[in-house]
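Student: Please take a close look at one part of this model, its pockets, and then follow the account on to the backbone and the aromatic rings.

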Amino acid sequence: MKKVRSTVMAAAVLIAMGTLTACGSAGNSSNTGNASGGTSTGNSSGGTTTSSGTSTLNIGLQADPPTLDPKLSTALVDRQIMLNIYDTLVALEPNGAYGPGLAKTWDTSKDGLTVTLHLQTGVKFQDGTDFNAAAVKFNLDRYMQADSARKAQLSDITSIDTPDNNTVVLHLKKPFSPLIGILSGRSGMMVSPTAVKNEGANYATQPVGTGPYKFKDRVKGDHLTLVANDSYWKGAPSIKKVVYKIFTDPNVELTNLESGAVQLIDSVPASQLSSVKANSNFVVSNTAGLGYQGFYLNTSQAPFNNQYLREAVDAAINRQAIVDVIFKGEASPGWSPFSPASPVYDASVDTPPAPNDAMVKKYLQEGNKPNGFSFTFQTANSPISAQVAQLIQSMLAKDGIQMKIQQLEFGTLLSNNTKHNFQASALGWSGRVDPDQDSYNFWYTGAPDNGSNFSDPVVDKALQQARTVSDMAQRKQLYDQFMVEMHKQDPYIFLYYPNNVYAYSKNLQGFQAYPDGVFRLRELSLS
């Protein structure tokens, strides 16, 4: 393991940046969005209650959800809302295991080509319609449509049978080891077929699931309200109303926690973490995450259609300095999509090398840009995103690489990435337990989240083979092959693995951190 810590470098960068004084949380790309300009409106008791009493929970989020339709969603902040409106076919447990969801059990045939789901009975959607095998088939067929962000995840399903109301049989092209994990995510979220048919293109404004909370209303960029589903099949939630409030500035979000205006926040500024921990009114949850942060390089246009220039950028960056300066150590330097919490993490492959000026110069020479080059770096409009960008800018500048920073509203950043309308785009991923979901959709040729427009036969082969193997040790070997090739090509510059850091009022009971970083609200109560 190469040690890349450089206190001198970090101090020099701080001086160069000038504005790098307020540090933030391990914010990922989903933790940015429209600002509410929210201010403290509650009491000063440390968030012990609200004007609505203990029946209302107010939650701070660092971004406005782009959509509430699982078919279209690609942002973590969407899942913070959706996973409380929609149940999934398979449930993710706090320890990372998969347990019963809307499917109470499942069987896989010996040849791996058939998966049979046995559904829960007596479940209804929030609009009163029945959840059954036909609803599952409707959802999976919808997710496999050409315009779906889920299409690649389910592309190995050839047909779906529903022999009775409570059984669904999935027929596969070949053994598909990530499938159960995929059904614990957006592809397993069951929406009401009736609501989709009634609302059409407007469905995301009136989402309906079987989950513990029902959508009530939203004001874009300001707040979104859910109310308890008192007919929930697992029993009604304790908290009757939930209001998500949007704060793009993590310091403002923390101020609202301290005032009592919100009782739970999805990020804590690193510079404030020790003081929040010391305050007996609050509890801090700080766990290693499965996600990663970095930026795409567009391989289909200049300057990053030149592989050597991509390698030059990768060799110039000091990841440890980013972790130390921006996140005060509450993250880990990263060089792959597999964090230390992933089952396929390998320090020999995933640990970043130290920045190397000699290699940068070599790559610039090979790329016919010996004196450097310039490009535009698109990133979200949050303070943390700006600080990370400024730090990278200073690292590259000393090697003659000039980086212009363009801050964008989160939805625009996502849209530009999908359309490949960028040179460099700072978007990360919240992480999944199954490594396929941290890799395939982002670097397989033509996959929906392949922002870099990257295509490589060695990478494609390794990712495809890893899907057909069930033994995780064998899969790890394939993911190691994948990463060796990725390090040669550098379509994406991995930076760091953020911790999942949350804070909440001591009066909030039942909180558990999940590896996917999403809050399960039905488990909570307020005293």
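Tutor: The largest pocket holds about 410 Å³ of space. Of the 21 residues lining this pocket, D87, A91, Y232, K234 and R520 are the closest to its centre. Two elements, α2 (76-85) and β2 (90-92), each give two or more residues to this lining, and β2 gives the most, with three. A pocket here is an open set of points on a 1 Å grid over the protein atoms alone, where a 1.4 Å probe fits, with protein on both sides within 12 Å along at least five of seven lines, and a lining residue has an atom within 4 Å of a point. The volume is the space filled by probe spheres set on the points, which are joined across faces, edges and corners; helices (H or I, at least four residues) and strands (E, at least two) are DSSP runs numbered from the N terminus.

This is a predicted model, in which local features need pLDDT of at least 70 and side-chain atom pairs count only at pLDDT 80 or more, while totals for chains, interfaces and linings use all residues. Residues are numbered from 1 along each chain as its sequence is written, and side-chain values use heavy atoms, with hydrogens and water left out.

By class, the lining of the largest pocket comprises 12 nonpolar, three polar and six charged residues, where Ala, Val, Leu, Ile, Met, Phe, Trp, Tyr, Cys and Pro count as nonpolar, Asp, Glu, Lys and Arg as charged, and the others, Gly among them, as polar. The second largest pocket has a volume of about 340 Å³, and of its 16 lining residues L72, T74, A149, L414 and T418 are the closest to the centre. Helix α13 (residues 410-418) gives the most to this second lining, with four residues, and the lining divides into six nonpolar, seven polar and three charged residues.

The backbone also deserves attention. A302 and P303 are joined by a cis peptide bond, with omega about 0°, and P303 is placed in the loop between β13 (293-297) and α8 (307-316). D490, although not a glycine, has a positive phi of about 50°; D490 lies in the loop between α16 (472-489) and β18 (492-505) and is buried at a relative accessible area of 3%, buried meaning under 20% with a 1.4 Å probe and protein chains only.

Turning to the aromatic rings, rings of Phe, Tyr and Trp (its six-membered ring) pair if their centres lie within 6.5 Å, planes under 30 degrees apart counting as stacked, over 60 as edge-to-face and the rest as tilted. By this rule there are 24 aromatic pairs. F338 and Y479 form an edge-to-face pair, 5.3 Å centre to centre with 65° between the planes. This pair links distant parts of the chain, 141 residues apart, with F338 in the loop between β14 (331-333) and α10 (347-350) and Y479 in helix α16. Both residues are buried, F338 with a relative accessible area of 1% and Y479 at 1%. In Y440 and Y444, the ring centres are 4.5 Å apart and the planes at 15°, so this pair is stacked. The charged end of R467 sits over the ring of Y440, 3.4 Å from its centre, the rule being NZ of Lys or CZ of Arg within 6 Å of the ring centre and within 35 degrees of the ring normal.

Key
Buried means under 20% relative accessible area, exposed over 50%, partly exposed in between (1.4 Å probe, protein chains only).
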